[in-house]
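Please consult the sequence and the structure alongside the text.

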Amino acid sequence: MNKIYKYILQEDTTLELPIHATILTVAAQGDDICIWISVNTAASISRIKRNFKTVPTGDLTPEDGKYIGTSFLYEGKLVFHTFEV
């Protein structure tokens with residue numbers, strides 16, 4: 001059985017997640033940038049640390065980062081991009 005969990009992201013965020021957790025999306029919710037992750041609750045409870053970096057448009061992106069998604073805050077006046085690093 002899968003459950004979906006939401007986490008609020010900062011500029012640099014480390015989450016300890018089940019090893020087979022799946023990232024669904026990243027988006028703005030109110031004043032926060034959030035990531036939604038699907039977890040199989042029947043699977044192994046082994047966990048790993050996963051790191052995320054969120055940068056505004058115009059900043060440097062992480063060299064080896066895997067792009068996750070883009071979030072628009074304040075009616076698109078601020079735009080942020082999230083990577084798994």
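## Sheets and salt bridges

An open sheet is formed by four strands in the order E2-E5-E7-E6, with antiparallel pairing. Strands (E, at least two residues) are DSSP runs numbered from the N terminus, and two strands pair if DSSP finds at least two bridges between them. The edges of this sheet are E2 and strand E6 (66–73), each with a single partner strand, so one side of each is left without a neighbour in the sheet. On average, neighbouring strands here are turned by 25° against each other, direction ignored; the axes are lines fitted to C-alpha atoms, and angles run from 0 to 180 degrees between N-to-C directions.

The model is predicted: local features need pLDDT of at least 70 and side-chain atom pairs count only at pLDDT 80 or more, whereas totals for chains, interfaces and linings use all residues. Residues are numbered from 1 along each chain as its sequence is written, and side-chain values use heavy atoms, with hydrogens and water left out.

**The pairing of E2 and E5.** Seven bridges join E2 and E5 in the antiparallel sense. Proline 18, found in strand E2, stands opposite arginine 47 in E5. Proline 18 has a relative accessibility of 13% and therefore counts as buried (buried means under 20% relative accessible area, exposed over 50%, partly exposed in between, with a 1.4 Å probe and protein chains only). Not counting residues up to four places away in sequence, proline 18 touches Val39, Ser46 and Arg47, where contact means heavy atoms within 4.5 Å. Between the C-alpha atoms of proline 18 and phenylalanine 72, which are 54 residues apart along the chain, the separation is 28 Å.

Three strands make up an open sheet in the order E1-E4-E3, and the pairing is antiparallel. Its edge strands, E1 and strand E3 (22–29), each pair on one side only. Neighbouring strands of this sheet are turned by 25° against each other on average, direction ignored. E1 pairs with strand E4 (residues 32–40) in the antiparallel sense over eight bridges. Tryptophan 36 in E4 is the bridge partner of lysine 6.

**Salt bridges.** A salt bridge is a side-chain nitrogen of Lys or Arg within 4 Å of a carboxyl oxygen of Asp or Glu. By this rule the count comes to three salt bridges, which are set out below.

| Lysine 53 | Glutamate 11 | 3.3 Å |

Glu11, Asp12 and Lys53 are linked in a network of salt bridges. In the bridge between lysine 53 and glutamate 11, the closest N and O atoms are 3.3 Å apart. Lysine 53 lies in strand E5 and glutamate 11 in the loop between strand E1 (2–9) and strand E2 (12–18), so this pair ties together parts that are 42 residues apart in sequence. Aspartate 12 lies in strand E2 and lysine 53 in strand E5, so the pair ties together parts 41 residues apart in sequence. Glutamate 11 is exposed, at 51% relative accessibility, and aspartate 12 is exposed as well, with a relative accessible area of 52%.

Because arginine 50 lies in strand E5 and glutamate 84 in strand E7 (residues 78–84), the pair ties together parts that are 34 residues apart in sequence. Both arginine 50 and glutamate 84 are buried.

Arginine 50 lies in strand E5 (residues 47–56) and has a relative accessible area of 13%. Its side chain reaches the backbone oxygen of alanine 21 at 3.0 Å. Leaving aside neighbours within four places in sequence, the residues in contact with arginine 50 are Thr13, Thr14, Leu15, Leu17, Ala21, Ile23 and Glu84.

Threonine 54 also has its place in strand E5 and is buried, with a relative accessible area of 6%. The side chain of threonine 54 makes a polar contact with the side chain of threonine 82 at 3.1 Å. A polar contact is a pair of N or O atoms within 3.5 Å; within protein, one must be able to donate a hydrogen and the other to accept it, and residues adjacent in sequence count only if both atoms are side-chain atoms. Not counting residues up to four places away in sequence, threonine 54 touches Leu9, Gln10, Glu11, Ile33, Phe80, His81 and Thr82.
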